[in-house]
Amino acid sequence: MELIIAANWKMHKTIAEAAAFCREIIGCAEKFSGAEVIICPPFTALQTLRDGLKDRSIKLGAQNMHWEEGGAFTGEIGPFMLQDLGVEYVIIGHSERRRLMGEDNTAVRRKLQAALRNGLRPILCVGETDAERTRGETDEVLGNQLRKALGGLALNGSGIVIAYEPVWAIGTGKAASPEDAEKAAAYILHEAEACLGCGDALPVQYGGSVNQDNIGDYVSLPSVSGALVGGASLEARSFSKLIQAAREAL
Ligand code: PGA
């Protein structure tokens, strides 16, 4: 099973801070073998990471992109531009974009298709809010988000990563229990199978208050193949320890 650990830096780090992170993490990178490690900095630090991580096994990801290949889309970044920077992964449909930037399922689907069309590996985020969870609607919400993103797509699913990120667990320190994460991840695999006919082949990450102490509980779950990490990915030394803890738990 793949072990895919992605760092989502969100709107953090200057160029100088990103360069310092690179210098620290490359000293630890030989201990990451067997794990696919991806760093998704803000767009402004992609070039710095590309230079700083050159010839290392750490991959570059973006946090978002537009679905069009180019044109009059002021303020947007397209898939070609990301490829040009050596980006291999792109986070699509993060709950902060859905909730704060008004990104709907149609936009998420377009972005997912554009990523695949352009050889970028999408990390598709899905997850329920606290209110939806309390109402017992988790499966319904996950199923709806997955069907709207993936339903009827003529592809064999290869390359897609799905991140299960319960909204209430993001940045709160209240991570989902491993039992709940497993239940949701298994449901996601089942839905992906129904949408694409290749559910078993898709890696599902857990995301939401993951840290070096709890990562092992998630990556050892049968349906979970890694993690999407926000706050705990910002400091190189502790992020390295998190990756090592994940490897040791397998
Ligand atoms: P967190 O964020 O690890 O800080 O909870 C995860 C995410 O938003 O991807």
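This is a predicted model: local features need pLDDT of at least 70, side-chain atom pairs count only at pLDDT 80 or more; totals for chains, interfaces and linings use all residues.
Residues are numbered from 1 along each chain as its sequence is written, and side-chain values rest on heavy atoms, with hydrogens and water left out.

The ligand is surrounded by 13 residues, the closest being Lys10, His94, Glu165, Gly171 and Ser209 (a residue counts if one of its heavy atoms lies within 4 Å). This shell comprises 4 nonpolar, 7 polar and 2 charged residues, with Gly counted as polar and Asp, Glu, Lys and Arg as charged. Oxygen atoms of the ligand lie 2.7 Å from a backbone N or O atom of Gly171, 2.8 Å from a polar backbone atom of Ser209 and 2.9 Å from a backbone N or O atom of Gly231. Of the 290 Å² that the ligand exposes when taken alone, the protein buries 95% (Shrake-Rupley method, 1.4 Å probe).

Aromatic pairs, defined by ring centres within 6.5 Å, number 3 in the model. Trp9 belongs to the loop between strand E1 (4–8) and helix H1 (15–26), and Phe21 to helix H1, so the pair ties together parts 12 residues apart in sequence; helices (at least four residues) and strands (at least two) are DSSP runs numbered from the N terminus.

Methods:
A polar contact is a pair of N or O atoms within 3.5 Å; within protein, one must be able to donate a hydrogen and the other to accept it, and residues adjacent in sequence count only if both atoms are side-chain atoms. Rings of Phe, Tyr and Trp (its six-membered ring) pair if their centres lie within 6.5 Å; planes under 30 degrees apart count as stacked, over 60 as edge-to-face and the rest as tilted.
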